[in-house]
Amino acid sequence: MTTTIDQFNFNGHTAFVRVDFNVPLNDEKQITDDTRMRAALPTLKKILADGGKLIIASHLGRPKKKDDSLSMHHLLPHLEELLGQKVTFVADSVGSQVEQAIQKLNPGEALLLENLRFYAEEEGKPRGLSSDATDEEKKQAKAEMKQKQLAFAKQLAQLADCYVNDAFGTAHRAHASTALIANSFDKSMKMFGYLMEKEVKAVQRILNTAEHPFVAIIGGAKVSSKIGIISNLIEKVDKLIITGGMAFTFIKAKGGNVGKSLFEADNVDTATTIMEKAKAKQVELILPVDVVATTEFSNDAERKTFAIDKIPNDYMGLDVGPETQKLYATALQGAKTILWNGPAGVFEMENFRKGTFVLAEAVAGATQKGAYSLVGGGDSVACIKLLGKEESVSYVSTGGGALLEAVEGKILPGVAAITE
């Protein structure tokens, strides 16, 4: 039986907590969106309130070496503000300096470690390999790095006597701090944080206990990045809305003319297979019927609306049109379970957001009428926030790639490390 954070009293314990503080910073190194930090607060505050010693560990960005612009010290002032107390910072992740700082902690005090990815061992990928390295040299470097990664995970584990994973956004990575570290702790001494617990339950509800009708909305640019999730969902949903740029590959597969719109020629057959599978499973597959199109990829370009399969050769579709917006709203009426991942158009351009906004309103409306809605993925979440609809949907996931892999039916290393 997996230990839950509510069952555990951290008094007298030192907890290593893996969070996902990979937050965006501006040129002045100020945090522009602290959602991920706020999401971890319930877990951090529980440990501190119990009287535990708290070690906070995260990555920030994708450094290839130590890089002050990606140091965790940029997050320290805001973290102290959120926790309402002083937090010690150590400019390292392991070693004597870290160990001494932990020894000085009093119960109810916190320590923030340096960016874990300053160590190549965190991700377990060799760095600095010559571009002309032989296959044998690459193989040897990988094997050596694997041993170093295991040793690094043990070093991290030795800093504490219990482990809490609250970083769902990295749960699909078998990194030292997200998965391997857990092997050093007994089952009773490792657990999910509150955020991770909620994320795992939300995915399980979607995949295993969904009420019907179940409607999934899958958007974004490319079919290739969503093949796995679409294939798995066809086994579970009643309706599948395909939207965004990937819809053009399906329209092309049906023989339509998509003009200059983005589509994947090498995935036209895949789209055909998906449509055939949906038909065989009696899943209603809903594609856009019209688009807002322009002659250039620009927010200010002149916009015209066309049937999606009759787009002139010099035009590209950048958002779904008014008839499609009505189609989506109708499709979501009466839904009992909704999964939404991916925008309906080029969401980063203000003039091509309307289709995504309509989706957000429809998902929120169905939720208010009793549906369970899970929203995940950068632009879908950004849209929900922009409209102030976070409280109008059931759950907004913090995991992008992790959510996709979970809904695809894959076992996430960070989850398996706690439950198996």
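Trainee: What makes the set around Phe16, Phe21, Leu44 and Ile56 a nonpolar core?

Mentor: A nonpolar core is a set of buried Ala, Val, Leu, Ile, Met, Phe, Trp, Tyr and Cys residues joined through side-chain atoms within 4.5 Å. The largest such core here has 112 residues, and Phe16, Phe21, Leu44 and Ile56 have the most contacts inside it. Its largest share, 8 residues, comes from helix α6 (residues 194-208), a helix being a DSSP run of H or I of at least four residues, numbered from the N terminus. Another core, of 24 residues, lies apart from it, with Ile286, Leu332, Ala335 and Ala344 among them.

This model is predicted: local features need pLDDT of at least 70, side-chain atom pairs count only at pLDDT 80 or more, and totals for chains, interfaces and linings use all residues. Residues are numbered from 1 along each chain as its sequence is written, and side-chain values use heavy atoms, without hydrogens and water.

Trainee: Which residues does isoleucine 56 contact, leaving aside its neighbours within four places in sequence?

Mentor: Contact means heavy atoms within 4.5 Å. With those neighbours left aside, isoleucine 56 is in contact with Val17, Val19, Phe21, Leu44, Leu79, Leu83, Ala110, Leu111, Leu112 and Leu113.

Trainee: Why does serine 177 count as buried?

Mentor: Buried means under 20% relative accessible area (1.4 Å probe, protein chains only), with exposed over 50% and partly exposed in between. Serine 177 has 0% relative accessibility, so serine 177 counts as buried.

Trainee: What joins the side chains of serine 177 and glutamate 122?

Mentor: A polar contact of 2.7 Å. The term requires a pair of N or O atoms within 3.5 Å; within protein, one must be able to donate a hydrogen and the other to accept it, and residues adjacent in sequence count only if both atoms are side-chain atoms.

Terms used
Helices (H or I, at least four residues) and strands (E, at least two) are DSSP runs, numbered from the N terminus.
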